[in-house]
Structure formats: C-alpha cells, structure tokens
Amino acid sequence: QARLVESGGGLVQPGGSLSVSCTGSGITSDGDAVGWYRQAPGKDREGVACISRSGYSINYLGSVKGRFAISRDNDKNTVYLQMNNLRPEDTAVYYCAAEVSYQTLCVNWAPTSLAYWGQGIQVTVSS
C-alpha cells in the first residue's frame, strides 16, 4: 500500500519561512497528483497547494498565492512546499495527499476515497 511521509514543519515567527516535504513511492512522473492540505483547530480541512504528476499544472488556495510554492522532484519521489511570509492564520496540521486525478485533488479540492495521506505535520506561526 502506498504511503506518504511528511517532514519539516515546526515553529516560526510571523513573516518567517518554513519548508515541508512529502515523500512517497507514488510520486513519480507517471504516478499521482500530490496536494498539501491543512486543518486548523476547530476548522475544516482545506486544500492549500497542489501539483500534477508532471509538475506542469499547479493550483493554490487564494490566501497563499504569492507566499507558498509547491514543487516536485519525481526522481526523489518528493513534493516540497515552501512557505514564505507566514501568518498566524497559517498555523495548522499540514497533510500531503496523493491520488491519480488532478481534477478531484487539485481543482475540486475534493479528494476521493482513493486518495492516500501522510500522517500530518504541525506548522505553528507565532511570536
């Protein structure tokens, strides 16, 4: 069964930068689209950034456009999320998710039951 492992994260001050990574065997050029989702306490999960298997198609949540950058290295089976100019409202548990359909995962922001997920990693933005 495919699995995803997140790394990075942690505590950063407002305005700072942080990077998280997601590694998995399905992250290949003929594999899956991969997205970063987040869930803050008391809030619904939301899609943040998402990238197609080729890396040519990318989608972002409006509030992170211009601040976050998603990329992937299929040779390393890894997707990266670089987060700049972080705000307290970016505080959440960040999950990476993957599935075949870019449309459902990255455009509709509606992962299906076929999606598989990482365990989540905490990102805290606080002074």
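Q: What is the relative accessible area of Tyr-95, and is this residue buried or exposed, or partly exposed?
A: In this predicted model, local features need pLDDT of at least 70, side-chain atom pairs count only at pLDDT 80 or more, and totals for chains, interfaces and linings use all residues. Residues are numbered from 1 along each chain as its sequence is written, and side-chain values use heavy atoms, with hydrogens and water left out. With buried meaning under 20% relative accessible area, exposed over 50% and partly exposed in between (1.4 Å probe, protein chains only), Tyr-95 is partly exposed, at 23%.

Q: How many aromatic pairs are there?
A: Rings of Phe, Tyr and Trp (its six-membered ring) pair if their centres lie within 6.5 Å, and planes under 30 degrees apart count as stacked, over 60 as edge-to-face and the rest as tilted. By this rule, the number of aromatic pairs is three.

Q: At what angle do the planes of Tyr-37 and Trp-117 lie?
A: The pair is edge-to-face, with 5.4 Å from centre to centre, and the angle between the planes is 70 degrees. Because Tyr-37 lies in strand E4 (residues 33-39) and Trp-117 in strand E10 (residues 116-117), the pair ties together parts 80 residues apart in sequence; strands are DSSP runs (E, at least two residues), numbered from the N terminus. Tyr-37 is buried at 2% relative accessibility, whereas Trp-117 is partly exposed, its relative accessible area being 28%. The angle asked for is thus 70 degrees.

Q: Which residues form one aromatic cluster?
A: The rings of Tyr-95 and Trp-117 are edge-to-face, with centres 6.5 Å apart and planes at 80 degrees. The one aromatic cluster is formed by Tyr-37, Tyr-95, Trp-109 and Trp-117.

Note on methods. Helices (H or I, at least four residues) and strands (E, at least two) are DSSP runs, numbered from the N terminus.
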